[in-house]
Amino acid sequence: MSDKTKRHKARRLAIFNHKGGVGKTTLTVNIAAALAASGKKVLLVDSDPQSNLTSYLVEESVVDKWLDTSETADGKTLWSALRPIVEATGDAFLVEAVELRPKGTFLLPGDIRLSQFEEDLSGKWNECFQRKLKGFRGTSALSLVINHACAENSVDYVFYDCGPNIGPLNRVILLDCDYFIVPAACDLFSIRALKTLGHTLARWIQDWQLILRIAPDGTYLIPGSPRFLGYIPQRFRVYRGQVASGAASYLPEIEKHIMSDIVNVLRKMDPQLAPGSMKDIRLGQVKDFGGIANTSQVQGVPIKDVNAGTAAQRSEAENIFASIAKRIVTISS
């Protein structure tokens, strides 16, 4: 395997839940900023066709320019990279990651046309079972784009920002990850989503293990064994230092389903895919920061850097995400 196709050593993670509205993008931005503040280099991959992460971090006029030029030789988005695979004109185009603030963070911008790549992936998955090289090229294309960006920027951590679904694109993303983290809002819908998440991922892993066994020698392949790093309950109200009673009632249910529907399901396949005890898997918890969280999206900065709220609120946010980042580094090292 050449240096260009050797998997880069950066740890790849996704904050994943196929339920929408659980704050995946906000978590990704703030954890990445905390990792960067600790001296790590972080690559953010906006793999959601809705491109919320890109819109969060980059001015609208710049995003519009990227989208308008994504099919030119100067294209910068993930669609620019993956279009040759969809159109069968060659290998993925190795776009350059965009350096952001804070220093040490980089972005591979999203693009609504990623939905075309996702449609193509269904066929590529089936072609893998038929041992067709174009199937393996398609399912590994995004991973190779990540390899290039990691090598060019000496990246330590990669965070995929996924859409809220269990479609073909998220399947190859999760199978490319070393770890995944589950965010959960304190509501009934999050609990229901947990019931299918673990079983869906287990099926993907099982299918990919079969594909690995029949793959031609020398083929670049995504690893297909994402480990459950932990979960983060969030967006709950706090009154006088205590979690509000409504949200508090959901926390035990979330923990129960995390254990039964994710941890136990994955450990049954392979004990290495999930921690063995509950105390090891809550990475932290993130309260509802209300208006300053919304302001952070408008201003395009982490919550700790917003020009709003109080110094105490910003400091609290900084400490919460720094603690989560530290746990991630400790567990994934």
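Start by selecting helix α5 (residues 114-129) and helix α7 (residues 168-176): their axes lie 7 Å apart and the helices pack at about 70°, so α5 and α7 are roughly perpendicular to each other. That label covers angles of 65 to 115 degrees, while under 35 counts as roughly parallel, over 145 as roughly antiparallel and the rest as oblique. The axes are lines fitted to C-alpha atoms, for helices over the stretch in contact, with angles running from 0 to 180 degrees between N-to-C directions. Helices (H or I, at least four residues) and strands (E, at least two) are DSSP runs, numbered from the N terminus.

Now show side chains. F117, E118, L121, S122 and W125 of α5 meet P168, L169, R171, V172 and L175 of α7, where contact means heavy atoms within 4.5 Å. By class, that contact has seven nonpolar residues, one polar and two charged. Here Ala, Val, Leu, Ile, Met, Phe, Trp, Tyr, Cys and Pro count as nonpolar, Asp, Glu, Lys and Arg as charged, and the others, Gly among them, as polar.

A word on what you're looking at: this is a predicted model, with local features needing pLDDT of at least 70, side-chain atom pairs counting only at pLDDT 80 or more, and totals for chains, interfaces and linings using all residues. Residues are numbered from 1 along each chain as its sequence is written, and side-chain values use heavy atoms, leaving out hydrogens and water.

Next, pick helix α8 (residues 188-214) and helix α10 (residues 251-269), whose axes come within 9 Å and cross at roughly 10°. That makes α8 roughly parallel to α10. Their contact has 12 nonpolar, four polar and three charged residues; among them are I191, L194 and L201 in α8 and I254, I258 and L266 in α10.

Jump to strand β2 (residues 42-46), where five of five residues are buried (under 20% relative accessible area with a 1.4 Å probe, protein chains only; exposed is over 50%, partly exposed in between). V42, L44 and D46 sit on one side, L43 and V45 on the other. Click L43 for its β4 partner, F106, then L44 for its β5 partner, F159.

Last stop: color by pLDDT, the predictor's confidence in each residue, from 0 to 100. Confidence is highest in β2, at a mean of 98, and lowest in strand β8 (residues 238-239), at 46. Over residues 238-245 pLDDT stays under 50.

Technical notes: Two strands pair if DSSP finds at least two bridges between them.
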